[in-house]
Amino acid sequence: MTRGDMWITALLLLLPAIAVAEDEEIAEFKFLHVITDIRYRFAKTMVTGGIFNTANITAEVAVDLTLPNSAYISDFFFIYNGVQYDSTIHEKETAERSYTTAKAQGEAAGHVSKSAHETNKFRVIISVPKKANITFNLTYEEVLQRRDGVYTHSIYIDPGQPVPDMKIDVAVQDTRDITTLKVPPIYSNSITDVDITENNNLAVIQRPTPNTAYIRFYPTLEQQLSRWAEGLSGVFSVMFDVHRGFDAGDLLVSNGYFIHFFAPAIPNPIPKDILFILDTSTSMYNGKMDQLKAAMKFILRDLRADDKFNVISFSSGVQFWQSDMAEANNAERAVKYIESLKSVGWTNIKESLVSGLEYLSERQRSSEGALIIFLTDGRATAGEHTPDMILQNVRSANKKDIPVYTLAFGKDADWELVKKLALQNFGVARRIYTDGDPARQIQNFYQEVSSAMLHGVKFRYSDTVTFGTQQNFTNYLDGSELICTGVLDPHLDSLTTNIIGTSASGPVNLKLTSPVVDLKSQFEALTPLYDDFKVEGILRRMHAYLYIRDLMQQRVGETDRSKRETLKQQALKLSLQYRFVTSLTSLLVSQFHPYPRKTLPQVVLDEDMYSLKEVVLPTPSYYRRNYYYNRRGGGGFDPHFMVFMESLKYPVCFDVQGEEGEIYQLVHDPNTDLTVNARIGKGKKLDLTFMVEIAIMLHDLHLLVTHSNISLHEHTYSWDKDYNMTVPGARLFIKNVNRRITRLSVVFDNRFQIDIVRHTHSASNTLGANFLNIELGNEHLLSEESDGIIGQFIHKNIRLETITFWNGQLVGHLRSRSGRERRHGRAYIRHRREPVWNETVSCWWLGEKGEELFNAPTEYYIVDDMYQTELY
């Protein structure tokens with residue numbers, strides 16, 4: 001594995017790190033132990049840590065964990081006062097509500113969830129009583145993926161302090177002899193930080209048998225301090241591979257399940273017809289083009305003698321380097337062409353891919369070796385703009401099922417579109433990060449996907465196989481592995497499979513028969529995890545893991561919302577059944593069961609709601625609501641949103657109680673290409689969250705607003721001075737309203753307007769944070785397909801049907817209508833501080849039942865990054 005690949009992997013690994021308050025150290029690590037048992041290339045890892053709360057108050061301690069992107073947490077518990085508190089798994093929203101209740105009652109409680117906006121990061125939140133010790137235990141599982149000819153199991157350790165008792169144990173057992181075994185030095189996230197061919201001289205390696213290995217890494221406190229002054233920080237990795245032959249792989253059958261690993265040793269790759277489609281629009285200027293040129297020089301000079309290639313550069317239009325496919329010995333001519341490329345124009349994604357697919361379909365020598373590598377750093381701003389239409393056009397043009405491998409270069413690239421383009425066209429998508437070595441990352445990606453050893457690989461099993469994962473693959477790539485799994489008739493004594501495909505030498509037909517075996521007798525207990533591993537059911541868990549992964553991947557590539565929901569429900573059901581924490585589920589553990597919630601009785605009032613003056617406060621004036629377009633928007637702490645509806649006298653309001661760092665999509669209109677996202681931040685003095693960062697994207701306009709500054713593409717502007725400017729498609733105005741409030745107005749050419757209001761507070765203010773508000777004006781100009789936290793309400797009609805009254809509280813029964821969709825829900829009169837106008841107003845607060853008026857739960861609108869446009 002190259003150093004570039006290791007850098008990408010390092011971003012996706014285990015990170016136990018204590019997050020403490022800035023003004024006092026409230027938590028100390030007493031010990032940190034990690035044990036991994038890798039069996040059949042299925043890794044079970046247990047992380048155990050001891051935490052002491054040094055404060056005189058109950059403190060919420062966050063332990064952030066960055067796990068392998070393919071791993072699922074399967075268990076979590078903690079021990080407090082000698083009692084072990086186990087976890088239960090729930091749908092994510094249910095678990096978060098229960099944790100909040102337990103914490104409010106002063107209990108020791110823990111909550112484990114997978115961040116929906118960063119699919120490889122988890123957070124363990126533990127409420128630790130004062131001067132108390134708590135031990136937490138977290139377990140995750142994954143099927144290791146073979147890349148570059150090795151399996152890599154990595155553990156990213158960063159406790160933020162030296163730990164007196166730190167241990168890492170890794171046991172590896174396989175059905176085949178282990179032929180490659182490496183334990184490189186601890187390395188950081190840097191792509192060029194360390195030579196991974198070196199050895200970690202603190203790791204002790206034992207080889208009990210040819211097919212087993214045991215690695216121990218026990219750095220003493222002195223060793224940690226001598227090498228890492230602030231505590232160990234980096235990635236501990238074990239890399240291994242097993243004996244390979246030109247065979248049908250490993251077929252494991254037990255207890256009604258099978259797993260089939262296939263990675264044959266094949267001497268020669270299939271000659272390829274490769275088309276490079278490269279973005280040369282204006283946004284590639286200033287560094288990116290130089291990185292692309294450096295990568296392409298390496299790639300072109302790395303072509304094999306029997307390869308053919310061509311290059312397309314695209315911006316507003318599409319340009320071919322030459323009309324015919326070139327032989328590999330023309331690489332230097334192509335290098336000169338690459339050197340001549342300039343950054344100019346817009347970004348026509350649809351035209352470039354459709355033209356490329358039509359061109360390659362006519363000129364490919366055979367169906368086996370054709371592929372496209374597509375790179376872009378932006379979004380579709382010329383030609384077809386709508387992502388769904390681009391996907392549809394590309395799928396229609398790809399009549400010969402040519403694999404399309406896609407690269408999203410930098411944060412402005414449309415990652416959701418790039419990912420779906422690959423998934424729907426038999427390829428792989430990858431992000432290229434500008435803060436590493438982009439040229440090296442592009443080269444590594446090319447080397448990973450460019451060597452097809454087999455084409456049209458098909459696994460054929462008997463009719464007794466059901467509920468199987470994917471069994472047909474476009475290509476088997478050098479250094480990788482294909483995996484199939486399924487459910488069998490439990491009365492079978494054996495299973496036979498045929499694998500067919502085409503290699504550089506011609507057709508391949510491999511056969512393999514495997515008997516049902518007693519897995520427990522196959523291996524020795526090398527770690528304490530062995531007894532708890534439930535070896536007899538290991539294939540069942542592996543099958544569930546792989547099946548969930550398949551469903552989640554299909555969901556990303558699916559464009560139909562109802563089908564996505566079906567795939568989600570299937571994955572959710574399996575996640576709950578097998579206790580896997582995915583983006584759909586959470587684990588919850590608490591000292592006591594939370595109190596049950598009570599249901600409000602239905603009591604209908606005879607009098608009009610508005611006659612109850614004692615419980616209703618003034619609303620914003622008609623002048624403010626209509627003249628200044630203060631109709632839909634939100635912010636303040638929580639953050640809370642207010643939406644004025646023509647059919648309601650009082651606005652609808654609701655809270656989004658997100659975690660710090662989560663990003664929510666506020667508005668997305670696929671017809672106008674407008675997207676507005678907001679990042680959540682946390683105050684320093686109170687347990688409140690705020691909107692602290694807002695991104696506005698419309699065609700080539702990418703505006704990022706924080707309470708510190710305003711960024712437009714490569715330029716940064718200050719809040720401190722009043723000014724206005726004109727940019728393509730919009731005008732921007734900054735106005736200081738008073739000492740605490742500054743307003744940024746973005747007025748688009750079609751008269752749609754977005755106002756972002758910055759609120760600043762002194763350090764002594766009880767809020768303890770600056771925050772942003774957002775308001776929409778002339779929002780009716782957006783299309784009826786608009787969605788998002790705010791966008792879903794733009795064309796929604798909400799009416800009050802009946803009113804009930806209970807315990808001094810007004811309960812409104814609301815009905816919403818949007819197109820053909822009808823929804824019902826409850827809301828309650830609340831008195832909320834409207835931060836823009838600094839008034840207390842009455843509003844219909846959408847509580848638990850009122851959320852039924854949403855198009856989807858609020859967590860549905862969590863996105864991966866500030867520049868993401870489409871939801872999963």
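Analyst: A residue is called buried when its relative accessible area is under 20%, and exposed when that area is over 50%. Please keep in mind that this is a predicted model.

User: Are C653 and C843 buried or exposed?
Analyst: These two cysteines are the pair joined by a disulfide, with an S to S distance of 2.0 Å. With the cut-off of under 20% relative accessible area in mind, both C653 and C843 count as buried.

User: How many residues apart in sequence are the parts that C653 and C843 tie together?
Analyst: A disulfide is a covalent bond between the sulfur atoms of two cysteines. Here C653 belongs to strand β35 (residues 652-655), while C843 belongs to strand β50 (residues 839-845), so the parts that the pair ties together are separated in sequence by 190 residues.

User: Which strands stand at the edges of the open sheet of 7 strands?
Analyst: Strands of a sheet pair through backbone hydrogen bonds, either parallel or antiparallel. In this open sheet the pairing is antiparallel, and the order runs β41-β40-β39-β38-β37-β36-β51. Each edge strand has a single partner, so one side of each is left without a neighbour in the sheet, and these strands are β41 (715-718) and β51 (862-863).

User: Which residue of β39 is the bridge partner of L698?
Analyst: Strand β38 (residues 689-698) pairs with strand β39 (residues 701-706) in the antiparallel sense, over 6 bridges. Within β39, the bridge partner of L698 is L701.

User: Which residue caps the N-terminal end of α6?
Analyst: Helix α6 (residues 349-363) has 15 residues and reaches 21 Å from its first C-alpha to its last, close to the 21 Å expected. Its buried residues include I349, L353 and L360. At the N-terminal end, a side-chain oxygen of the capping residue lies 3.1 Å from the backbone nitrogen of E351, and that capping residue is N348.

Definitions and conventions:
Residues numbered from 1 in each chain as written. Predicted model: local features only at pLDDT ≥ 70, side-chain atom pairs only at ≥ 80, totals over all residues. Heavy atoms only, no water. Pairing = 2+ DSSP bridges. Helix = DSSP H or I, 4+ residues; strand = E, 2+ residues; numbered from the N terminus. Expected span 1.5 Å × (residues − 1). Buried < 20%, exposed > 50% of the residue type's maximum accessible area, 1.4 Å probe, protein only. Polar contact = N/O pair within 3.5 Å; in protein donor to acceptor, adjacent residues only side chain to side chain. Disulfide = S-S within 2.5 Å.
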